[in-house]
Each structure stands twice: as C-alpha cells, then as structure tokens.
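Colleague: I have not worked with this model before. Could you take me through it step by step?
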Amino acid sequence: MQCPFCNHMEDKVVDSRLSKEGQVIRRRRECLNCERRYTTYERVEEILPMVIKKDGRREVFDRQKIFSGLKKACEKRPVSVDLLESIVEQIEKKIPEMGFTEIDSRILGEEVMRRLHDLDQVAYVRFASVYREFKDINQFMSELKSLLAEPGSIDGVLSGEKPVAQGPTSGKAKEPSLV
Ligand SMILES: [Zn+2]
C-alpha cells in the first residue's frame, strides 16, 4: 500500500480487524519510511451478475432499484425501512450463490415477491400487480383468491387506499420500477 503521506510503497500491518458483519477488514498500517500510520478497508469484490431486462438489454445490478420498488409497494404499510433493507441484503447475498453471470430480471422480481408475500399481503399484491403485469382482471382475481385462501391474510387488499391493479381498459401497466 502506498503511504498517503510520503508515497513510500512499503508498510507493515500493525492491526487487523474484521467488521461486525464479517465483510470488511480494517487494517491499521505503518509506513516503513516515515512511520506514520493510516487505515485501509478491504472488502471482497462483489461479483454480482448483470441483469437482463425484459427488452434484452443488460444492466448492472442496482440494489437501489430493488429498494425503491419495495418502498413503493410498502407505502403506508406497517413495514419498517430496516426490514426492507434486510430484504435487499438477502437478495444481494443470494444472487452470487445462484452462480449466474447474467440474471433475468424476472428471477429478481420473483425473489422480491416471495419475501413480500411472507411480509405483507397488501405490499405483495401491489408489487405483483405492477411487476407481473396481469394480462386481465381474471388473472388478477385468481391471484387474489389464492391469497384469500390463506388464513389470516389479505386484510385491506380490496379496501386499500390505492388501486392495486388496473383494469383491462386502462392500457399498459405502469413500468415496474424493478426492471
Ligand atoms: Zn510514509
């Protein structure tokens, strides 16, 4: 490591510490020339695959996009920002484990939906209605029915403040924020 004070190229490590989450190593270094100390942070290079969008274009994986999609779906729902952050983190961790060099945005969407489904039914339907671009109201209703079939679910979905799906006459669904 090049010394930030005198630009000397040799140093010794005087202390190493792993971050709480175990992903960053903090190293205290001492320059062998001027003997001044400085700190470096090392993290494993993130190897996230490219995301294949619906139109075939490739895009760098963007955690912020997933986060804002989640936030929109959870608007006015009793879901904390911390919880949403942790969903993004889970997904971010899982993707490299899948071993793809490129990943279809639909797979990402399904990962988000699976987690929202367990978290908040209203948010789930909101996200799904945009993301899956339900072809018609029947498809949408059958999704709702399968939710209704689950005990303790769906409160507020049908009486929500906001429409969760657009009818077949309202034209193209809004561009999902994830893709
Ligand atoms: Zn130095």
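Modeller: A definition comes first: axes are lines fitted to C-alpha atoms, for helices over the stretch in contact, and angles run from 0 to 180 degrees between N-to-C directions. Helices (H or I, at least four residues) and strands (E, at least two) are DSSP runs, numbered from the N terminus. The model is a predicted one, in which local features need pLDDT of at least 70, side-chain atom pairs count only at pLDDT 80 or more, and totals for chains, interfaces and linings use all residues. Residues are numbered from 1 along each chain as its sequence is written.

Colleague: What average pLDDT does the protein chain have?
Modeller: The average is 78, and 73% of the residues score at least 70; pLDDT is the predictor's confidence in each residue, from 0 to 100. Over residues 153-175 the pLDDT is below 50, and this stretch has 26 contacts in the model beyond near neighbours in sequence. Two residues are in contact if their C-beta atoms, placed from the backbone, lie within 7 Å.

Colleague: How many helices and strands are there in the protein chain?
Modeller: There are five helices and six strands. Along the sequence they follow the pattern β-β-β-β-β-α-α-β-α-α-α.

Colleague: Which strands make up the open sheet with antiparallel pairing?
Modeller: That sheet has three strands in the order β1-β2-β3. β1 and β3 stand at its edges with a single partner strand each, so one side of each has no neighbour in the sheet. From one strand to the next, the twist averages 25 degrees.

Colleague: And how many bridges link β1 and β2?
Modeller: Seven bridges pair β1 (residues 11-18) with β2 (residues 24-31) in the antiparallel sense; strands count as paired if DSSP finds at least two bridges between them. Within that pairing, Val-13 stands opposite Arg-29 of β2. β2 and β3 (residues 37-43) are also antiparallel, over seven bridges. There, Ile-25 has Glu-42 of β3 as its bridge partner, and Arg-26 has Tyr-41.

Colleague: What about the hairpin of β2 and β3: which residue takes a positive phi?
Modeller: Glu-35 does, with a phi near 65 degrees; the hairpin has five residues between the strands.

Colleague: Is β3 in the open or buried?
Modeller: β3 lies largely in the open, because zero of its seven residues are buried. A residue is buried if 20 or more other C-beta atoms lie within 10 Å of its own, exposed if 12 or fewer, and partly exposed in between, with C-beta atoms placed from the backbone. Of the 179 residues of the protein chain, 19% count as buried.

Colleague: Changing topic, which strands form the sheet with mixed pairing?
Modeller: Three strands form that open sheet, in the order β5-β4-β6. β5 (58-60) and β6 (102-104) are at the edges with a single partner strand each, so one side of each is left without a neighbour in the sheet. The twist averages 35 degrees from one strand to the next. β4 (residues 50-52) and β5 run antiparallel and are joined by three bridges, with Val-60 of β5 as the bridge partner of Met-50.

Colleague: Which helix lies across β4 and β6?
Modeller: Helix α3 does, running at about 65 degrees to β6.

Colleague: At what angle do α3 and α4 pack?
Modeller: α3 (residues 105-119) and α4 (residues 121-131) pack at about 155 degrees, with their axes 8 Å apart. That makes α3 roughly antiparallel to α4; angles under 35 degrees count as roughly parallel, over 145 as roughly antiparallel, 65 to 115 as roughly perpendicular and the rest as oblique. On the α3 side the contact is made by Gly-109, Val-112, Met-113, Leu-116, His-117 and Leu-119, and on the α4 side by Ala-123, Tyr-124, Phe-127, Ala-128 and Tyr-131.

Colleague: How do the residues of that contact divide?
Modeller: Nine are nonpolar, two are polar and none is charged. Here Ala, Val, Leu, Ile, Met, Phe, Trp, Tyr, Cys and Pro count as nonpolar, Asp, Glu, Lys and Arg as charged, and the others, Gly among them, as polar.

Colleague: How many residues of α4 are buried?
Modeller: α4 is mostly covered, with 11 of its 11 residues buried. Among them are Gln-121, Arg-126 and Ser-129.

Colleague: Last one: where is Pro-78 found?
Modeller: Pro-78 is in the loop between α1 (63-73) and α2 (81-98). Pro-78 counts as exposed because it has 10 C-beta neighbours inside 10 Å. Its C-alpha atom is separated by 9.7 Å from that of Leu-119, 41 residues apart along the chain.
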